[in-house]
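User: I have a structure here and want to go through its contacts. Can we start once it is on screen?
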Amino acid sequence: MKERACRHCHYITTEDRCPVCGSRDLSEEWFDLVIIINTESEIARKLRESIPNAAKVPGKYAIRVR
Ligand SMILES: [Zn+2]
């Protein structure tokens, strides 16, 4: 199944709505991803500097979403 990225929090999911923030605003056009295991890690903090809603729960996040 096609993975899509949430335009709100950048979470990557195969569902029809984002399981993290509940948004149905999902995009098939996304580029690069990071896997967040620890939401307090340095990479998670860095991700939130550019995408404030990202990396609030562990998972895969798109760096760029069109
Ligand atoms: Zn979301």
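User: Which residues does Cys18 touch, leaving out those up to four places away in sequence?
Analyst: This is a predicted model. In it, Cys18 touches Cys6, Cys9, Tyr11, Thr13, Ser23 and Leu26, with residues up to four places away in sequence not counted.

User: What coordinates the zinc ion?
Analyst: The SG atoms of Cys6, Cys9, Cys18 and Cys21 do, at 2.3 Å. The donor residues follow the spacing C-x2-C-x8-C-x2-C.

User: Which parts does the pair Cys6 and Cys21 tie together?
Analyst: Cys6 is in strand β1 and Cys21 is in the loop between β2 and β3 (26-27), so the pair joins parts 15 residues apart in sequence. Cys6 is buried at 0% relative accessibility, while Cys21 is partly exposed at 34%.

User: And what geometry does the zinc site have?
Analyst: Tetrahedral, with angles of 102 to 120° among the 4 donor atoms. For reference, the ideal angle for four tetrahedral donors is 109.5 degrees.

User: Changing topic. How many aromatic pairs are there?
Analyst: The count is 1. Tyr11 and Tyr61 pair edge-to-face, 5.5 Å centre to centre with 80° between the planes. Tyr11 sits in the loop between β1 (4-6) and β2 (12-13), and Tyr61 in strand β5 (residues 59-65), 50 residues apart.

User: Is Tyr11 buried or exposed?
Analyst: Buried, with a relative accessible area of 15%. Tyr61 is buried too, at 0%.

User: Which residues touch the most other members of the largest nonpolar core?
Analyst: Cys18, Ile36, Leu47, Ala54, Ala55 and Tyr61, in a core of 13 residues. β4 (30-36) and α1 (42-50) each contribute at least two residues to this core.

Key. Residues are numbered from 1 along each chain as its sequence is written. This is a predicted model: local features need pLDDT of at least 70, side-chain atom pairs count only at pLDDT 80 or more; totals for chains, interfaces and linings use all residues. Side-chain values use heavy atoms; hydrogens and water are left out. A nonpolar core is a set of buried Ala, Val, Leu, Ile, Met, Phe, Trp, Tyr and Cys residues joined through side-chain atoms within 4.5 Å. Buried means under 20% relative accessible area, exposed over 50%, partly exposed in between (1.4 Å probe, protein chains only). Helices (H or I, at least four residues) and strands (E, at least two) are DSSP runs, numbered from the N terminus. Contact means heavy atoms within 4.5 Å. Rings of Phe, Tyr and Trp (its six-membered ring) pair if their centres lie within 6.5 Å; planes under 30 degrees apart count as stacked, over 60 as edge-to-face and the rest as tilted. Donors are N, O and S atoms within 2.8 Å of the metal (3.2 Å for Na, K and Ca); water is not among the atoms, so sites may look incomplete. Four donors count as tetrahedral if all angles lie between 85 and 135 degrees; four count as square planar and six as octahedral if opposite donors are over 155 degrees apart and all others between 65 and 115; anything else is irregular.
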